[in-house]
Amino acid sequence: MVLTARQRASVANIMNDPRRSADWEFPWDDNHCDKMKGGGPPLKVTEEAWPRSVAVPLRRAGRRTNMQHPTWLTPSEIETHRGVILPNTAPVEVVAHGRPTHLYNVGQVEGLPEEMYRHHWEIHPVNTEHRNPTIDSFVSTLNVTIHHRVEAPPKGSRAAYLLHERAIRLPPFEMFYTSTDYYLSLAHELTHWAADHPALVDPTPDPEDKWWELVAEFGAVFICADWAVRGAQPTAAPADYIEYWRTQEGFNDAEILHAAETAAPLATWVCRISPEWRTSGDKTRGHPTQGDQSSRSATPPLDLPASAPHAATLEAAASARAFVNDVEALGKMDPRKEPDAWERRATHLLESARQIDLSIPAVEAAIEAVVAIATPLDATPVTAATWITNFQERTMRILAMKELVRSANKRTTATTPTRSITS
């Protein structure tokens, strides 16, 4: 796919950035993530840290029972906040303020104010910037699951595309150094997700081929440019990441440029495939943020529908994408070599076209997304309605011509004189 002028400029700046270094580092606080086991450093109800003499036994108990929250309360504090200690839970006995004290983790108590159940990274974030509600709403409409976790996996990075689950794993937003770091990482994994679609990449990527890391990073830059993420194009981070893999694997400039060209249609697909994502005037529709963490927003939340896309909606969108692929397969058939098979398939697809409901935004978006893959970025996008109309008119003209040829052949056969043999 031909790169746009803006994409070419980004690629050139990244490849020629004099600041780039092969010493790429995680864009999140990886060491801080390791401290989150057992809920993280123990905190008082005031969100202050417990002194070391108290924190050590609390931390030990939290790790032993895999506590998910850092806050520990005394029985009197639980009573003050109208909490109820769960049955069969044992407190940790410590010496606080010079006297023995029993402490309970908020995970052992129900009925407390919701903010007391926050994770450590939400209470004391590394990243104090705010999420982008518009991007989060868009991403939540994509048919991909996103897990926000701090646990270190047995193998691989905390940020990864999980091939067999078709899901993305990321550290929580608050563990990244900046919001730009988070959205670049998210877009990187979304590019891996897009590359896992057979219709987009042929052959299917080898997950062990590190060249796809270059593709994913260029995809992240292109997607973040489309999202208008502040400071994301280009920054030292993508340049460092690409230089890291260039050094590790010995990729040359031609391979790096090929990675950028491969990333372009994947980025386009990610930004256009989203079900139910539509704009009308200045009002944007979407869904709440995915994940298992809360969002801090610099602006008031958008007026968004509360429900995720219905299964029927996603099924209709999937059928629409399959329809486009079938139409493209029909276009590769030769009506002269396979006349009967072509005609049967064409007739079937015309019937399918009449049943497509373009009033469903997900269906319209799905068709436009698949069509956009084969359309240069600089070209005017084709609407779903126009594309279907063009298909119907073109196919009916061919069928009509074939019918005229058949009729002419029948007339010719009927009027051709024959000789009779008489004795």
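A pocket here is an open set of points on a 1 Å grid over the protein atoms alone, with protein on both sides within 12 Å along at least five of seven lines. Its lining residues have an atom within 4 Å of a point. A volume is the space filled by probe spheres set on the points, which are joined across faces, edges and corners.

This is a predicted model, in which local features need pLDDT of at least 70 and side-chain atom pairs pLDDT 80 or more, while totals for chains, interfaces and linings use all residues. Residues are numbered from 1 along each chain as its sequence is written, and side-chain values use heavy atoms, leaving out hydrogens and water.

The largest pocket has a volume of about 1300 Å³. It is lined by 43 residues, and the closest to its centre are Ala159, Ala160, Tyr161, His192 and Glu213. Strand 7 (160–162), helix 7 (179–195), helix 8 (211–227) and helix 9 (236–249) each give two or more residues to that lining; helices are DSSP runs of H or I, at least four residues, and strands runs of E, at least two, numbered from the N terminus.

Now the aromatics. Rings of Phe, Tyr and Trp (its six-membered ring) pair if their centres lie within 6.5 Å; planes under 30 degrees apart are stacked, over 60 edge-to-face, the rest tilted. The whole structure has 18 such pairs. Trp24 and Phe26 are edge-to-face, at 5.7 Å centre to centre and 75° between the planes. Tyr182 and Tyr183 are also edge-to-face, at 5.0 Å and 80°. One aromatic cluster includes Trp24, Phe26, Tyr182 and Tyr183.

Notes
1 Å grid on protein atoms, 1.4 Å probe; cavity = no way out; pocket = protein on both sides within 12 Å on 5 of 7 lines; lining within 4 Å.
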